Amino acid sequence: MSFGRNSGYTIGFLGFGQMGSAIAEGLARFCPGVSEGRIRLAAYTPHADRLRESIGVLPVTPCGSAEELAELSDVLLLAVKPYQLEAAASGIRDGLAGKAVLSVVNAVGFEKLREFFGPGVRVQYVMPNTPMRVGAGVALFEQETSLTVEEGAEAEALFSTLGAVLRLPGSQMRAAASLSGCGPAFFFMAAEALGDAGVKNGLKRADAYRLAAAVMTGAGRLLSETGAHPGELKDGVCSPGGTTIRGVASLEQDGFRSAWIHAVDATLGK
Ligand SMILES: NC(=O)c1ccc[n+]([C@@H]2O[C@H](COP(=O)([O-])OP(=O)(O)OC[C@H]3O[C@@H](n4cnc5c(N)ncnc54)[C@H](OP(=O)(O)O)[C@@H]3O)[C@@H](O)[C@H]2O)c1
């Protein structure tokens with residue numbers, strides 16, 4: 001139990017919106033330390049009513065102030081928007097002295113976090129994604145960190161209960177975050193488009209979405225579990241002169257690959 005005392009530790013969520021609540025729900029469902037009570041969860045956001053609503057039935061203790069949260073927490077999980085960072089955390093820097101902060105604030109990497117919190121707070125930049133809510137997420141850990149080795153291992157173990165964990169140099173974090181953080185939105189659009197295509201061709205919308213979700217899950221698992229090249233797996237679905245290759249050719253004609261590459265470039269401001 002590297003973040004706290006022998007009796008366990010408390011993770012304090014500063015910010016409990018889409019991402020904070022997805023991580024908390026994932027931990028509540030999939031992290032044995034949380035279900036066994038060794039790891040406790042707490043949260044603070046300015047709108048107490050919204051916080052209560054987001055917590056719902058999750059085992060998360062709401063706090064009345066950021067100061068109370070900092071006091072209660074052994075490790076802070078910072079989950080506010082980048083423009084909210086200053087207002088949210090500047091008042092509790094002293095209260096966090098000697099503690100660790102895991103920050104999921106987009107594009108605020110190790111150097112900026114260290115500058116913001118000062119040398120007395122150990123920091124780690126982590127890029128999560130919302131599929132963590134169902135234990136199928138991706139957490140990107142920036143290699144540069146001031147966590148102790150034990151804390152780093154504990155943080156990785158924690159996030160690995162929510163999906164895959166990848167440690168990357170800071171220079172690759174933005175590009176990787178575009179794939180894993182923004183990528184789910186692109187796949188949801190693909191599912192919606194498949195749904196429309198199914199409905200256009202006579203399927204019930206609910207059936208079409210069910211199929212789209214099952215196909216995405218299956219294709220993703222096949223890709224990760226076989227380790228095969230995606231082109232090889234695509235080729236395996238396309239028989240000579242068959243129907244799938246006609247769909248593939250149509251996607252190529254409509255600029256499918258370049259549309260996805262442009263989308264990732266756009267998230268990177270290119
Ligand atoms: N959503 C994603 O898929 C995703 C993926 C990767 C990374 N991230 C990163 O995760 C972070 C949070 O994103 P999000 O989508 O969860 O945003 P969000 O849904 O807008 O949630 C922001 C949270 O911050 C709280 N907050 C605002 N001002 C605060 C303050 N002064 N003190 C404490 N809490 C405050 C809000 O509370 P109130 O409701 O009370 O205002 C809300 O709970 C961002 O930096 C984002 O880049 C998000």
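A: Here is a short tour by way of questions and answers.

Q: What kind of model is this, and how are residues numbered?
A: This is a predicted model, where local features need pLDDT of at least 70 and side-chain atom pairs count only at pLDDT 80 or more, while totals for chains, interfaces and linings use all residues. Residues are numbered from 1 along each chain as its sequence is written.

Q: Which domains does the chain have?
A: The domain assignment gives domain 1 (9-168) and domain 2 (176-267); such bounds come from an automatic or database assignment. Their C-alpha centres lie 32 Å apart.

Q: How many residues are in contact between them?
A: Eight residues of domain 1 are in contact with five of domain 2. Contact here means C-beta atoms, placed from the backbone, within 7 Å. On the domain 1 side, the touching residues are five nonpolar, three polar and no charged. Ala, Val, Leu, Ile, Met, Phe, Trp, Tyr, Cys and Pro count as nonpolar, Asp, Glu, Lys and Arg as charged, and the others, Gly among them, as polar.

Q: New topic: what order do the strands of the sheet have?
A: The eight strands of this open sheet follow the order 3-2-1-4-5-6-7-8, with mixed pairing. Strand 3 (60-62) and strand 8 (163-168) are the edge strands, each pairing on one side only. From one strand to the next, the twist averages 25 degrees.

Q: What do "strand" and "pair" mean here?
A: Helices (H or I, at least four residues) and strands (E, at least two) are DSSP runs, numbered from the N terminus. Two strands pair if DSSP finds at least two bridges between them.

Q: So which strands does strand 1 pair with, and in what sense?
A: Strand 1 (residues 9-14) is parallel to strand 2 (residues 39-44), with six bridges, and parallel to strand 4, with four bridges. G12 shows both sides: A42 in strand 2 stands opposite G12, and so does L76 in strand 4. Another bridge links F13 to L77 in strand 4.

Q: And what stands opposite L76 in strand 5?
A: That is V101. Strand 4 and strand 5 (residues 100-103) are parallel too, over four bridges.

Q: Which way do the residues of strand 4 point?
A: V75 and L77 point one way, L76 and L78 the other, and all are buried. A residue is buried if 20 or more other C-beta atoms, placed from the backbone, lie within 10 Å of its own, exposed if 12 or fewer, and partly exposed in between. In a regular strand, side chains alternate between the two faces of the sheet.

Q: Which residues have the most contacts inside the largest nonpolar core?
A: They are F13, L14, L78 and V101, in a core of 58 residues. A nonpolar core is a set of buried Ala, Val, Leu, Ile, Met, Phe, Trp, Tyr and Cys residues joined through C-beta atoms within 7 Å. Beyond four places in sequence, V101 touches several residues, including L76, L78 and F117.

Q: Where does helix 3 lie?
A: Helix 3 lies across strand 2 and strand 3, at about 170 degrees to strand 3. Axes are lines fitted to C-alpha atoms, for helices over the stretch in contact, and angles run from 0 to 180 degrees between N-to-C directions.

Q: Why is S54 called buried?
A: Because 21 other C-beta atoms lie within 10 Å of S54. S54 belongs to helix 3 (residues 48-55). Leaving aside neighbours within four places in sequence, S54 is in contact with F16 and S21. S21 is 33 residues from S54 in sequence, with 6.8 Å between their C-alpha atoms.

How values were computed
Contact = placed C-beta atoms within 7 Å.
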